[in-house]
Amino acid sequence: MIPALGFDFFALFGLSPADLAFFAATIVAAAVLRAFSGFGFALAAMPLLVLVIEPARAVVLCALLSLVAGLRTLRRSVAESDRGLLKPLLIGSLIGTPVGVALLDLLPADATKLLIGVGVLGSALLLWRTGVMAGAGRGLALPVGLSAGLMGGALAIPGPPIVVFLLGTEPDARRARATLMAFFNLTSVMSLAGYTVTGKIDEISPAQFALALPCLLFGDWLGFRLFERFGSAHHRAISLLVLALIGVTATVNAVI
């Protein structure tokens, strides 16, 4: 409470002081991982945000923040991406996203949290064991895009199937990162369109978005600089380690 102003500052965000700090730190960390690895912003943010805000609100907030972050790098990421893979991935996602958006209303909050945690952790473990198989499975781009669209619409994390697919088929770190970023940038538009049509866009808290935006921009700036310095040598190992930690945290919190 701020006596001079006569209102509770933290009530404006609907969060306690500790939860507010956790919320801000999560946005920064997810933005850093997105810029460093190319992984979707929501892939890192969702498993942690659902610990302090409602899953439905976190889904829409992540989609909006993903769009904001993506607009800054869209042209560059598309130019550097593997367009032969990007096109069928986007077509598949276009088909799957509306179905996923419809599923959002049917998933209980606890089930949503568990699915997010298991999806993130499973992706990290699978990639760690399989490594990179250059050129393998390129014909699977369309069904992979479809499954990503389903997960993106329902959980705001299209990342698991796309990350497994691209990091398993594309040995060049810069191209894999650019293709991931281009895909997530463009599919965030699809998801937001679906949330707008269904009225779920109203789930966003303007105060939480206002707090998240500067955190997002700072994390994005930091992540790009870390990639330029360390990305080529450590891109894969660091990204998978962070994903695994997030997946474990989210899964444990979903079942206790």
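Let's call a residue buried when its relative accessible area is under 20%, exposed when it is over 50%, and partly exposed in between, using a 1.4 Å probe and protein chains only. At 8% relative accessibility, Phe184 therefore counts as buried. Keep in mind that this is a predicted model, where local features need pLDDT of at least 70, side-chain atom pairs count only at pLDDT 80 or more, and totals for chains, interfaces and linings use all residues. Residues are numbered from 1 along each chain as its sequence is written, and side-chain values use heavy atoms, with hydrogens and water left out.

Now for the aromatic rings. Rings of Phe, Tyr and Trp (its six-membered ring) pair if their centres lie within 6.5 Å; planes under 30 degrees apart make a pair stacked, over 60 edge-to-face, and the rest tilted. That rule gives three aromatic pairs. One of them joins Phe36 and Phe227, edge-to-face, at 6.1 Å centre to centre with 75 degrees between the planes. Helices (H or I, at least four residues) and strands (E, at least two) are DSSP runs, numbered from the N terminus. Phe36 sits in helix 1 (residues 17-37) and Phe227 in helix 10 (residues 206-255), so this pair links distant parts of the chain, 191 residues apart. Both Phe36 and Phe227 are buried.

Back to Phe184: its ring pairs with that of Phe183, and because the centres are 5.6 Å apart with the planes at 75 degrees, the pair is edge-to-face. Phe183 counts as buried because its relative accessibility is 0%.

Helix 1 also holds Ala24, which counts as buried because its relative accessibility is 17%.
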